Amino acid sequence: MAATVATPVTPTELDPDRCGSEEESRGAEAEEENTQQQIGPAAAVSHSRLSKLPLARIKALMKTDPDVSLASQESVFIIAKATELFVEMIAKDALVYAQQGKRKTLQRKDLDNAIEAIDEFAFLEGTLD
Amino acid sequence: MAERPEDLNLPNAVITRIIKEALPDGVNVSKEARRAISQAASVFVLYATSCANNFAMKAKRKTLNAGDVLAAMEEMEFERFLEPLKEALEVYKKGQKGKKEVSEQKRKDKEKKNDSENDKSREEEEEEEDRMEEEPEAENEAEEEEVEN
């Protein structure tokens, strides 16, 4: 199958996305390798890589709850990780609405639609500015 | 230092990165959408914490643990998160164990280093040994007394 990237034909909705995502993942991998080289072996071994969100900030957030006295390190980590999964999920679900509106830019209204439509996001109703 | 929930947002750069990695290339995210997702993430943390804390309180524990959070996920209808969370937890636990071993090893190395520095002056060492030989006996006597009591 000949490479479709160089083709001057107006791109359809499907193909460029697929090609684009492949390139992006390759790019992302290259980025990760570079940052690891720059930071050094210690950071590569460090397990903060497991969670993208800073555990200290997550813990501080958790502690604003007056009923919470102590939280184990593991619990803070799992909440951080769950929040990451949550962000991924809500972004993807909101994207569906943007695509329905034939847009490639995710907008606030797409999020509102997702929150209204999806049961798991019911807890968010009325909480966002 | 009392922090209010409104003051504690998750870092924008990280949120943006998570969003970008979740979405296909070519998709943009408006500033308002990003801000709303970041806010939603904070609300999620608070809701999950509250839910997990209920489980801890039911079990009459003051410390939130991993199990409480997993139970909260199920309660919040995020069962789809359970498997990836359990896997991540396993890796995290191994990492923590490794860190403990590394810091213990570092401590041992430090002690070894201190010992080797003492070797520099032999005379001092001999004197120290003489003193040290006397001390343990004194300590032993003290210990025996304590045991008897």
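This is a predicted model: local features need pLDDT of at least 70, side-chain atom pairs count only at pLDDT 80 or more; totals for chains, interfaces and linings use all residues.

Me: Where do Phe86(A) and Phe123(A) lie?
Reply: Phe86(A) is in helix H4 of chain A, while Phe123(A) is in the segment after helix H5, so the pair ties together parts 37 residues apart in sequence.

Me: Is Phe123(A) buried or exposed?
Reply: Phe123(A) is buried, because its relative accessible area is 16% and the cut-off is under 20%. Phe86(A) is buried too, with 0%.

Me: What about Phe123(A) and Phe78(B), what kind of pair is that?
Reply: Their planes are at 80° and over 60° counts as edge-to-face, so that's what the pair is. The ring centres are 6.4 Å apart. Phe78(B) sits in the loop between H3 and H4 of chain B, so this pair joins two chains.

Me: Which residues form the aromatic cluster?
Reply: Phe86(A), Phe121(A), Phe123(A), Phe44(B), Tyr47(B), Phe78(B) and Phe81(B) form one cluster.

Me: Switching to helices: how do H4(A) and H4(B) pack?
Reply: They pack at an angle of about 140°, with their axes 10 Å apart. That makes them oblique to each other, and the crossing is right-handed.

Me: Which residues make the contact?
Reply: Among them are Phe77(A) and Leu85(A) from H4(A), plus Leu89(B) and Tyr92(B) from H4(B). By class, the contact has nine nonpolar, two polar and three charged residues.

Technical notes
Residues are numbered from 1 along each chain as its sequence is written. Chains are lettered from A and ligands numbered from 1 in the order in which they are written. Side-chain values use heavy atoms; hydrogens and water are left out. Helices (H or I, at least four residues) and strands (E, at least two) are DSSP runs, numbered from the N terminus. Buried means under 20% relative accessible area, exposed over 50%, partly exposed in between (1.4 Å probe, protein chains only). Rings of Phe, Tyr and Trp (its six-membered ring) pair if their centres lie within 6.5 Å; planes under 30 degrees apart count as stacked, over 60 as edge-to-face and the rest as tilted. Axes are lines fitted to C-alpha atoms, for helices over the stretch in contact, and angles run from 0 to 180 degrees between N-to-C directions. Angles under 35 degrees count as roughly parallel, over 145 as roughly antiparallel, 65 to 115 as roughly perpendicular and the rest as oblique. A crossing is left-handed if the near helix is turned anticlockwise from the far one by less than a right angle, and right-handed if clockwise. Contact means heavy atoms within 4.5 Å. Ala, Val, Leu, Ile, Met, Phe, Trp, Tyr, Cys and Pro count as nonpolar, Asp, Glu, Lys and Arg as charged, and the others, Gly among them, as polar.
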